Amino acid sequence: MALFDKFRQIADAREALARLGEDPFRATIERILSPTEAIVNGRPMILAGTNNYLGLTLDTQCIEAAVRALREEGTGTTGSRMANGSYSGHVALEKDLADFFGRRWCVVFSTGYVANLGLLSALTGPGDVILIDADCHASIYDGCRMSGAEVIRFRHNDVGDLDKRLRRLGERRANALIIVEGIYSTLGDRAPLAEVAAVKQEHGACLLVDEAHSLGVLGERGRGLSEESDVESSVDFIVGTFSKSLGATGGFCVSDHPEAELIRYGSRPYIFTASPCPAVIASTRAALNRLRIEPELRVLLWNNARQLYRSLQEMGFRLGPEVSPIVAARFEQREEAIGLWNALLDQGVYVNMILPPAAPDGGSLLRCSATAAHTPDQIDRICKAFATARALT
Ligand code: PMP
């Protein structure tokens with residue numbers, strides 16, 4: 001069928017990849033042994049590429065809350081909140097999140113991806129301008145496209161470039177929305193948020209921070225980079241996901257703007273999709289509570305992150321620019337990354353392989369992540385596996 005002709009290039013690339021070892025798109029997690037271990041394609045693996053930063057996916061309290069909701073409210077809501085109404089859990093979770101962030105308003109979406117689509121398509125439109133960091137996540141790019149606003153990319157983490165582009169907008173700066181991320185998902189670096197917030201204030205623009213990878217990870221209370229950088233009052237919208245530190249699926253946006261509630265009524269990705277299942281809402285509420293009352297989880301996470309980053313750095317791997325739970329080893333040649341990824345699988349370590357064009361600067365990455373649930377011994381085994389894998393390739 002002619003419609004499939006455009007897939008030929010992708011199919012060829014996939015076949016070439018599979019010839020070099022295991023097909024990364026066919027990795028099946030057959031059995032979960034713990035938040036950090038699983039049987040993958042028949043082999044026991046240490047999971048070193050999840051976003052399970054606080055290790056809460058198998059937390060007893062979260063599971064109990066989900067099971068209770070499943071028994072009492074059923075497997076799904078079977079409709080959107082606009083058409084079918086909200087469950088009390090949706091409303092309660094929105095209140096929990098608004099309270100946690102100290103904001104007036106929150107809306108919950110079905111995923112983090114949908115949160116960016118839902119917010120951006122409702123908030124911005126033709127005539128508005130969105131300035132995004134070049135390394136922003138695909139959901140931000142897709143939300144921008146859906147909005148119909150003019151999109152201007154600025155160089156990654158380059159506040160001078162952002163400032164210059166805002167200045168060029170003249171009067172239109174009042175209709176400009178700046179978007180950055182708390183921790184960038186591929187290299188693990190933070191946005192220079194204090195400087196971004198200062199530029200935003202100077203130009204009178206709006207600022208959105210996607211804290212997908214920084215919720216529960218940064219800040220004294222785990223509120224993310226906006227809290228860590230002490231600029232929460234300059235951040236107009238925070239977007240986040242339940243699929244990382246909260247160990248479930250779903251997304252949200254919080255804001256203090258009095259008009260923010262209107263977003264719900266103009267957001268097609270909110271209106272025209274089924275609302276999150278009761279079990280997901282219940283486990284997310286329990287996980288948010290654990291995140292809130294157990295800052296020790298963040299201490300464990302950062303101890304592991306430091307150990308992983310420093311060990312790989314000492315071994316001479318080229319990493320992202322700063323210590324972070326996301327530790328990405330960078331390679332110029334994709335074959336090098338593919339060979340090492342396969343050798344790591346042979347050593348029982350599963351990491352994420354990111355190949356062009358998904359990685360920044362046209363390179364390839366082996367993206368590892370530390371979690372609060374890894375033991376220091378597991379981090380050590382991950383590092384030893386890197387050393388052995390490199391010696392063998
Ligand atoms: N924003 C960022 C920065 C992300 O990294 C991701 C997921 N990797 C998302 C949004 C989407 O989140 P979800 O997987 O919950 O849809």
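A polar side-chain atom of Asp210 lies 2.7 Å from a nitrogen atom of the ligand, a polar contact in the sense of a pair of N or O atoms within 3.5 Å. The protein covers 83% of the 390 Å² of accessible area that the ligand has on its own, with areas taken from the Shrake-Rupley method with a 1.4 Å probe. The model is predicted, so that local features need pLDDT of at least 70 and side-chain atom pairs count only at pLDDT 80 or more, while totals for chains, interfaces and linings use all residues. Residues are numbered from 1 along each chain as its sequence is written, and side-chain values use heavy atoms, with hydrogens and water left out.

**Ligand surroundings**

- The ligand is surrounded by 15 residues, of which Tyr113, Asp210, His213, Thr241 and Ser243 are the closest; a residue counts here if one of its heavy atoms lies within 4 Å of the ligand.
- Helix α5, which spans residues 112–123, gives the most to the shell, with three residues; helices are DSSP runs of H or I with at least four residues, and strands are runs of E with at least two, numbered from the N terminus.
- By class, the shell holds two nonpolar, ten polar and three charged residues, where Asp, Glu, Lys and Arg count as charged and Gly is among the polar ones.

**Sheet**

- Four strands form an open sheet of mixed pairing, in the order β1-β2-β3-β12, two strands being paired if DSSP finds at least two bridges between them.
- Strands β1 (29–34) and β12 (349–350) stand at the edges with a single partner strand each, so one side of each is left without a neighbour in the sheet.
- Strand β3 (residues 43–47) runs parallel to β12 and is joined to it by two bridges, and Leu47 stands opposite Tyr350 in β12.

**Backbone geometry**

- Most residues other than glycine have a negative phi, and most peptide bonds are trans.
- The peptide bond from Pro356 to Pro357 is cis, with omega near 10 degrees, and Pro357 is found in the loop between β13 (352–354) and β14 (364–369).
- Thr78, a residue other than glycine, has a positive phi near 60 degrees, and Thr78 lies in the loop between α2 (60–73) and α3 (81–84).

How values were computed: A polar contact is a pair of N or O atoms within 3.5 Å; within protein, one must be able to donate a hydrogen and the other to accept it, and residues adjacent in sequence count only if both atoms are side-chain atoms.
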